[in-house]
Amino acid sequence: MPIPMPVSVPASSASVPPDSVSAERDPRWAAIVARDPAADGRFFYSVKTTGVYCRPSCASRRANPKNVRFHASAAAAQAAGFRPCKRCRPDEAPLGQRRSALVAAACRGIERAVADGEAVPTLELLAKAAKLSPYHFHRLFKAETGVTPRGYGAAKRAECLRGRLAEAGSVTEAIYEAGYGATSRFYEKAGKLIGMTPGAWRKGGADEDIRYGIGATDLGALLVAMSARGLCAIALGDKPAALERDLRARFPAARLVADKAFARLLAKVAKFVAQPSRGLDLPLDVRGTAFQQRVWQALQAIPPGRTASYAEIAKRVGAPKAVRAVGSACGANAIAVAIPCHRAVRSDGALSNYRWGVARKRALLEREAKKR
């Protein structure tokens with residue numbers, strides 16, 4: 001008796017099971033039961049009794065699997081005579097993409113207002129444009145960007161001011177051109193916004209002295225810089241000249257002074273780099289946006305010898321969807337080891353995106369693990 005050969009069924013013909021076959025036998029049914037958003041876009045399903053088709057993650061009442069059919073695309077479902085679900089809107093972009101698009105549009109609106117010297121749009125106006133409630137939009141914006149709409153506007157206005165200070169006829173003129181309504185309140189926050197007073201910025205940092213020194217460690221060249229408020233840079237690299245260039249790029253308006261008396265401080269920091277678990281009892285001059293500072297504080301809370309994923313850090317700072325923003329904040333950190341961005345890793349534990357080189361990141365983690 002001849003043995004029947006197995007028949008390979010193309011995905012297109014297998015996308016719609018016979019009416020007599022329950023969808024429970026199809027592995028895609030598990031994604032529908034779990035309302036798995038990761039399955040969105042991979043396939044769609046329709047319900048014979050309602051005449052609609054949905055995404056796997058649709059929150060509508062679960063259909064009887066005997067009435068469910070699977071489709072490779074939204075077009076295929078519509079060609080079969082089904083209409084899109086009004087709840088999950090499978091004929092539109094996925095919810096995550098729609099949310100990101102709404103936030104991106106709001107960011108562009110804020111940036112245009114700042115560039116034109118106008119007031120930053122209120123939360124109510126931004127929410128209305130997105131067709132969401134102010135409360136919902138506020139949560140969505142912060143989850144996507146890591147900051148509130150107001151915080152984003154403040155950061156963009158400070159960025160605009162830095163450009164205007166170099167061009168305007170006076171400090172006051174630059175402040176008003178950047179959209180600030182009054183000079184008094186601005187001067188109260190000038191240090192946090194631009195790292196120094198506006199006058200110092202325009203003078204090339206005449207009243208902002210940053211002293212620095214360069215030494216050596218087993219991880220390469222070490223640059224340590226200090227302002228009047230504390231350590232503002234700890235950098236590691238292969239070439240001292242490159243570290244100096246990076247320092248000048250970070251503090252373009254400050255007066256940088258190579259200090260020969262830095263040997264003692266350099267030795268202390270070099271010892272800290274060799275043994276991070278010892279801690280560093282020196283004040284830090286941390287300069288960054290509100291979100292960056294939250295990320296840096298979260299990094300400092302990670303014990304030596306431990307790591308945390310970018311996603312975990314995003315959750316700790318109250319912005320679970322701002323994983324990329326967390327990575328950017330780590331990359332913007334200028335104070336190596338003391339603000340331990342080397343303890344931030346990918347979700348799979350892999351090392352990546354370290355400003356001073358992945359090899360140094362691995363070495364720092366290995367020496368911390370030995371001291372646990």
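Before you click anything, one term: a residue is buried when its relative accessible area is under 20%, exposed when it is over 50%, and partly exposed in between (1.4 Å probe, protein chains only). You'll need that at nearly every stop.

**Setting up**

What you have open is a predicted model, where local features need pLDDT of at least 70, side-chain atom pairs count only at pLDDT 80 or more, and totals for chains, interfaces and linings use all residues. Residues are numbered from 1 along each chain as its sequence is written, and side-chain values use heavy atoms, with hydrogens and water left out.

**Stop 1: the whole protein**

Show everything as a cartoon. The protein has 16 helices and ten strands; these are DSSP runs (helices: H or I, at least four residues; strands: E, at least two), numbered from the N terminus. Of its 372 residues, 42% count as buried. A contact means heavy atoms within 4.5 Å. Among contacts between residues at least 6 apart in sequence, 58% join residues at least 24 apart.

**Stop 2: colour by confidence**

Now colour by pLDDT, the predictor's confidence in each residue, from 0 to 100. The mean for the protein is 80, and 80% of the residues reach 70 or more.

Where pLDDT is low, the predicted coordinates should not be read in detail.

**Stop 3**

Zoom in on helix α5 (residues 123-130) and show its side chains. Which residues of α5 are buried? They are L126, A127 and A130. These cover an arc of only 95 degrees around the axis, so they sit on the same side of α5; the arc is that of the directions from the helix axis to the C-beta atoms.

Two packed helices are described by the angle between their axes and the distance between the axes. For α5 and α6, the angle is about 90 degrees and the axes are 9 Å apart, which means α5 is roughly perpendicular to α6. The axes are lines fitted to C-alpha atoms, for helices over the stretch in contact, and angles run from 0 to 180 degrees between N-to-C directions. Angles under 35 degrees count as roughly parallel, over 145 as roughly antiparallel, 65 to 115 as roughly perpendicular and the rest as oblique.

To see the contact, select L123, E124, L126, A127 and A130 in α5, which meet P134, F137 and H138 in α6. By class, that gives six nonpolar, one polar and one charged residues. (Ala, Val, Leu, Ile, Met, Phe, Trp, Tyr, Cys and Pro count as nonpolar, Asp, Glu, Lys and Arg as charged, and the others, Gly among them, as polar.)

**Stop 3: some positive phi angles**

Most residues other than glycine have a negative phi. Here are some to look up. K131 follows α5 and has a positive phi, near 60 degrees. R35, in the loop between α2 (28-34) and β1 (44-47), has a phi near 50 degrees. V337 is in the loop between α15 and β10 (344-345), and its phi is about 70 degrees. Is V337 buried or exposed? V337 is buried, with a relative accessible area of 2%, whereas R35 counts as partly exposed at 35%.

**Stop 4: helices α13 and α15**

Last stop: select helix α13 (residues 290-300) and helix α15 (residues 323-332). They pack at an angle of about 80 degrees, with axes 9 Å apart, so α13 is roughly perpendicular to α15. Show F291, Q292, V295, W296 and L299 of α13 with A325, V326, A329, C330 and A332 of α15 to see the contact. Nine of these residues are nonpolar, one is polar and none is charged.

Stay with α13: its buried residues are F291, Q292, V295, W296, A298 and L299. Their arc covers only 155 degrees around the axis, so they lie on the same side of α13. What covers them includes α14 (310-316), α15 and β10. On the face turned away from the buried side, look for the exposed residues A290 and Q297.
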